[in-house]
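Look over the sequence and structure first, then read on.

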Amino acid sequence: MSNKEHRLGVSEVNLVVRHLKLETAENDSVAKAVADIDEIYGLDSVSFDEKSHVLNVAYDATRICIDCVEEVLEKYQVQISHDWWTHFKEGYYRFVDDNIKESAKTEPWSCHGNVNQAPKRKK
C-alpha cells in the first residue's frame, strides 16, 4: 500500500485509473466537464492533457464507473474519440468496473476472506 491519501469514498483496493482520448472540443467546455467530473463522489483525481487530448481519471470502481464520467462529458457535448483503440478500451473498462463492483458484493468462497474486512478469529 502506498502512503498517499485518497479522497473520501475512495478505497485503494478498488482504485482504477482510466485514460480516454477526447475529440477536439472547445477548451471551455472541456474545462467545465473536468470541473463537474471532479465533484463526483468516489473520484480520486481527474486531469486533461491538452496536447494529446487525453482525459485521465482515477476512481473507486465500487462507487462509480466509466459511464458516470461519460454522462458528464455528454452533458457538456464533449465527445470521446471514435478510433478503434479508444472504443476497445471503453469496453474493457466497463468489463473491469462491473467485475470489481460485483466482486465487492460477493461473499468470499475461501478462507482468505474479503480484503476490506478484518479476519474473524475463533475464541
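In the hairpin of β2 and β3, four residues lie between the strands, and His-53 has a positive phi near 60 degrees. Strands here are DSSP runs of E of at least two residues, and helices are runs of H or I of at least four residues, numbered from the N terminus. The model is predicted, so local features need pLDDT of at least 70 and side-chain atom pairs count only at pLDDT 80 or more, while totals for chains, interfaces and linings use all residues. Residues are numbered from 1 along each chain as its sequence is written, and side-chain values use heavy atoms, with hydrogens and water left out.

Strand β3 has two partners, where a pair of strands needs at least two DSSP bridges between them. Strand β2 (residues 43-49) is antiparallel to β3 and is joined to it by six bridges; in this pairing Phe-48 stands opposite Leu-55. Strand β1 (residues 15-21) also runs antiparallel to β3, with seven bridges, and Val-16 stands opposite Tyr-59. Six of the seven residues of β3 are buried, where buried means under 20% relative accessible area, exposed over 50% and partly exposed in between, for a 1.4 Å probe and protein chains only.

Cys-65 lies in the loop between β3 (54-60) and α2 (66-75). Is Cys-65 buried or exposed? Its relative accessible area is 17%, so Cys-65 is buried. Leaving out residues up to four places away in sequence, Cys-65 touches Tyr-59 and Asp-97; contact means heavy atoms within 4.5 Å. Cys-65 and Ile-100 are 35 residues apart in sequence, and their C-alpha atoms are 9.9 Å apart in space.

The whole structure contains three aromatic pairs. Rings of Phe, Tyr and Trp (its six-membered ring) pair if their centres lie within 6.5 Å; planes under 30 degrees apart count as stacked, over 60 as edge-to-face and the rest as tilted.

Trp-84 is exposed, at 65% relative accessibility, and Trp-85 is partly exposed, at 43%. Tyr-92 is partly exposed at 48%, whereas Tyr-93 is buried at 7%. Ring pairs also link Trp-84, Trp-85 and Phe-88 into a cluster.
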